Number of protein chains: 2
Amino acid sequence: MADKLANPMRTTLLNDKIEWYPVSSPEWPGDVRLYKVEKMLFHGKSKYQELVVFQSAKHGKVAILDGQIQLTEKEEFAYQEMLAHLPLCSIPNPKKVLLVGGGDGGILREISRHLSVEQIDICEIDQMVIDVYKQFFPEIAVGYEDPRVKVYIDDGVAFMKAVPEGTYDVIILDAFESIGTIGLELANKEFLESVARALRPGGVMSTPADSFWLEDFTVEDTVAQCRPIFTGSVRYAWAAIPSYSSGTIGFVLCSTDGPAVDFQKPVNPLDTESNGVAKGPPKLYNPEIHAAAFCLPSFVKEVVGARS
Amino acid sequence: MADKLANPMRTTLLNDKIEWYPVSSPEWPGDVRLYKVEKMLFHGKSKYQELVVFQSAKHGKVAILDGQIQLTEKEEFAYQEMLAHLPLCSIPNPKKVLLVGGGDGGILREISRHLSVEQIDICEIDQMVIDVYKQFFPEIAVGYEDPRVKVYIDDGVAFMKAVPEGTYDVIILDAFESIGTIGLELANKEFLESVARALRPGGVMSTPADSFWLEDFTVEDTVAQCRPIFTGSVRYAWAAIPSYSSGTIGFVLCSTDGPAVDFQKPVNPLDTESNGVAKGPPKLYNPEIHAAAFCLPSFVKEVVGARS
């Protein structure tokens, strides 16, 4: 029976040249995605990670970090806009913002749209990431052109410990595939405590988190761990992003004790006339999509709580 | 450079046996997904189509219809629940429902949850689909066990033409991958006109439609074509479903002239104590997810209109 079934991948994969680049995820086992490659553009290793960039047939340039898809040029805006604007639009008048990781510059580009922001610090451990994005993804790395941006090449954990208490209005973590998969070891708890300490009262944090489609979806543990640390509110949200393994990614949004933050009701609309260094208005984000990101499937509500 | 890159698919695909089943979509070119196969279960051809069923490593049983993924056991509920409950929960007290296609029985299972419904007709062209689902997917084909269900093995276009005017409260089309890709030829217009005729005034129709991530997203044409035919309202909605090619699928919801239908505000809540022949309550659908399905990314609003 097996012989009768068509297998269009056979021929292409028998070639020595990589015509299809395979991307699999340990968190989403049982399927593998192959991207059609037009041209390999970069393959390098830093002290920290391995980065591959290729021109794909249909998704623009694609960046692969340690074998995992980092972004595709075609869809990167979805992740960058949601991770940045969910926290930034949830509080009035954010002024000081810290980004940990996010060396590609896309989150910087999105923060740049917010005119109230006076200071944008980024702590990225790997200079290679910055250099490669500046070379191959100028529309993403454009974020570095905002004069409010100050770059610190440093380890995020060490950097965070040194931040004076109450410094930032918003901290965006873009250093981890998801905080759900880091586990609940002490290091993570200590790191999250250092994030909470670095925020002003009523300040907000956003981080990517597990997609609710993952077999080992454990965001309830993350949410439970965040609650005693971020005593304002802790919420799970999600967005549809084709390039991630299940087509969906999660986010965890937290606020510290202080002026109440209702993440589902954005209070700080984006002025789409002023886009900072970004070219044109956001492609995905708007206030309805913001609110919808917190509407959860029933099987997710059951585990993370209707109002987590 | 290419040689240095790992290619985990190489070995498995060199085998004669299909260990990874490739699924590609002409609507989503440039990437191909491979599902890890544990056991091939069925491969057959009817007069109409080719159906493959295999046990996958991580997604339960998987059904492939003419090379396209039809459903995976793990995630099928998402599509079935949304395509059924978006229309059924948008009007009070639906009584007569027609399903065109949907031979797997999953939509029937979801319609079955609605106690107000007195008549559930299904028109499916291919007896093979029904038989195979009853054999391999009993939790989906359970929909046929509802005593209100009457099965017509017939061509949907011919069947629809013969339906007396104003017969149904709800018509669910599950016969096409998406109506966006059928194109705008006269046949489609005539078919949609026959659907509108078969609905009572203020009756509703749902159909799958293009994912907004597709390169050739043309739902604006479909929406524009539906407007003069369904003179109540025409709306585009979406849901995240990992097994579909972009991780997202669209829906078009239409109502005929008559009592106004506001699709974004469900008026007919599901009584989750009474699930008909379904085992347990819906896994994904709830009123918040219903409303969120109509919240569109900015680049989609631009083409289909904020209130389509």
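Guide: We will go through strands, backbone angles, helices, cores and cysteines in turn.

Visitor: What should I know about the model and its numbering before we start?
Guide: This is a predicted model, where local features need pLDDT of at least 70, side-chain atom pairs count only at pLDDT 80 or more, and totals for chains, interfaces and linings use all residues. Residues are numbered from 1 along each chain as its sequence is written, chains are lettered from A and ligands numbered from 1 in the order in which they are written, and side-chain values use heavy atoms, with hydrogens and water left out.

Visitor: Which way do the side chains of E4(A) point?
Guide: The general idea is that in a regular strand the side chains alternate between the two faces of the sheet. Helices (H or I, at least four residues) and strands (E, at least two) are DSSP runs, numbered from the N terminus. In E4(A), Lys61(A), Ala63(A) and Leu65(A) point one way, while Val62(A) and Ile64(A) point the other way.

Visitor: Is E4(A) buried or exposed?
Guide: Buried means under 20% relative accessible area, exposed over 50%, and partly exposed in between (1.4 Å probe, protein chains only). Because 5 of the 5 residues of E4(A) are buried, the strand is largely enclosed by the rest of the structure.

Visitor: How many bridges join E4(A) to strand E3 of chain A?
Guide: Two strands pair if DSSP finds at least two bridges between them. Strand E3 (residues 50–56) of chain A runs antiparallel to E4(A), with 5 bridges joining them; Val53(A) stands opposite Ala63(A). On the E5(A) side, the pairing with E4(A) is again antiparallel, over 4 bridges, and Val62(A) has Thr72(A) as its bridge partner.

Visitor: What about phi in the turns of these hairpins?
Guide: Most residues other than glycine have a negative phi, and most peptide bonds are trans. The hairpin of E3(A) and E4(A) has 4 residues between the strands, and there Gly60(A) takes a positive phi near 70°. In the hairpin of E4(A) and E5(A), with 2 residues between the strands, Asp66(A) in the turn has a positive phi of about 50°. Asp66(A) is partly exposed, with a relative accessible area of 45%.

Visitor: Where is Asn93(A)?
Guide: Asn93(A) sits in the loop between helix H2 (76–88) and strand E6 (96–101) of chain A. This residue has a positive phi of about 60° although it is not a glycine, and is partly exposed, with a relative accessible area of 44%.

Visitor: How do I read a helix?
Guide: An α-helix has 3.6 residues a turn, so residues three or four places apart point the same way. For length, the expected span is 1.5 Å times one less than the number of residues. Helix H2 (residues 76–88) of chain B has 13 residues and reaches 18 Å from its first C-alpha to its last, close to the 18 Å expected. H2(B) is mostly covered, with 13 of its 13 residues buried.

Visitor: Which residues of helix H4 of chain B are buried?
Guide: In H4 (residues 127–136) of chain B, the buried residues are Met128(B), Val129(B), Ile130(B), Val132(B), Tyr133(B) and Phe136(B).

Visitor: Which residues touch the most other members of the largest nonpolar core?
Guide: In soluble globular proteins, nonpolar side chains tend to be buried together. A nonpolar core is a set of buried Ala, Val, Leu, Ile, Met, Phe, Trp, Tyr and Cys residues joined through side-chain atoms within 4.5 Å. Of the 198 residues in the largest one, Phe230(A) and Phe230(B) touch the most other members. A second, separate core of 6 residues includes Trp20(A), Trp20(B), Val32(B) and Leu34(B).

Visitor: How many disulfides does the structure hold?
Guide: A disulfide is a covalent bond between the sulfur atoms of two cysteines; the cut-off used is a pair of cysteine sulfur atoms within 2.5 Å. The structure holds 0 disulfides over all chains.
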